[in-house]
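Trainee: I have a structure open and some questions about it. Can we go through them one at a time?

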Amino acid sequence: MDLRVDTGFHAYEVAMAAARQGLAILPRLKQGCPKLADQFSRALTSVPLNISEGSGRQGKDRKHFFRIAYGSANEASTPLQLLLGLTRSLNKDADNVLTN
């Protein structure tokens, strides 16, 4: 049985791929930052859900769901940016300890 949703939007396919990749790192994120992991998961899954729902709507209602998806995409990227910053900081601190 094929359960794929055909929205006709490339953005939906990109959002689904990002959600799959993001959900794959979720177990590791939960170990260190459970609250951040929960928010990341909700934002990440919200993107394709809202694109899918918006694709079935018309007019202002349609735009509303696409705007929510856009906001959720921005929200989902923030935990990744925070983690990258933390990782860089930890690596720099570790390098300083090892070289001194």
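Trainee: How many aromatic pairs does a search of the whole structure find?

Mentor: Keep in mind that this model is predicted. Ring centres must lie within 6.5 Å to pair. The rings of phenylalanine 9 and phenylalanine 66 have centres 5.4 Å apart. The search of the whole structure finds 1 aromatic pair.

Trainee: Is the pair of phenylalanine 9 and phenylalanine 66 stacked or edge-to-face?

Mentor: Look at the angle of the planes. Over 60 degrees counts as edge-to-face. Here the planes stand at 75°, so the pair is edge-to-face.

Trainee: How many residues apart are phenylalanine 9 and phenylalanine 66?

Mentor: Phenylalanine 9 sits in the segment before helix H1 (10–32). Phenylalanine 66 belongs to helix H3 (residues 59–99). The pair links distant parts of the chain, 57 residues apart.

Trainee: Is phenylalanine 66 buried or partly exposed?

Mentor: Buried means under 20% relative accessible area, and exposed means over 50%. Phenylalanine 66 has 26%, so it is partly exposed. Phenylalanine 9, with 27%, is also partly exposed. For phenylalanine 66, then, the word is partly exposed.

Trainee: Why does serine 41 count as buried?

Mentor: Serine 41 is found in helix H2 (residues 34–55). Beyond its neighbours within four places in sequence, serine 41 is in contact with Leu23 and Leu26. The cut-off for buried is under 20%. Serine 41 is buried because its relative accessible area is 18%.

Trainee: In what order do the elements of the protein chain run?

Mentor: The protein chain has 3 helices and 0 strands. Read from the N terminus on, the order is α-α-α.

Note on methods:
Residues are numbered from 1 along each chain as its sequence is written. This is a predicted model: local features need pLDDT of at least 70, side-chain atom pairs count only at pLDDT 80 or more; totals for chains, interfaces and linings use all residues. Side-chain values use heavy atoms; hydrogens and water are left out. Helices (H or I, at least four residues) and strands (E, at least two) are DSSP runs, numbered from the N terminus. Buried means under 20% relative accessible area, exposed over 50%, partly exposed in between (1.4 Å probe, protein chains only). Contact means heavy atoms within 4.5 Å. Rings of Phe, Tyr and Trp (its six-membered ring) pair if their centres lie within 6.5 Å; planes under 30 degrees apart count as stacked, over 60 as edge-to-face and the rest as tilted.
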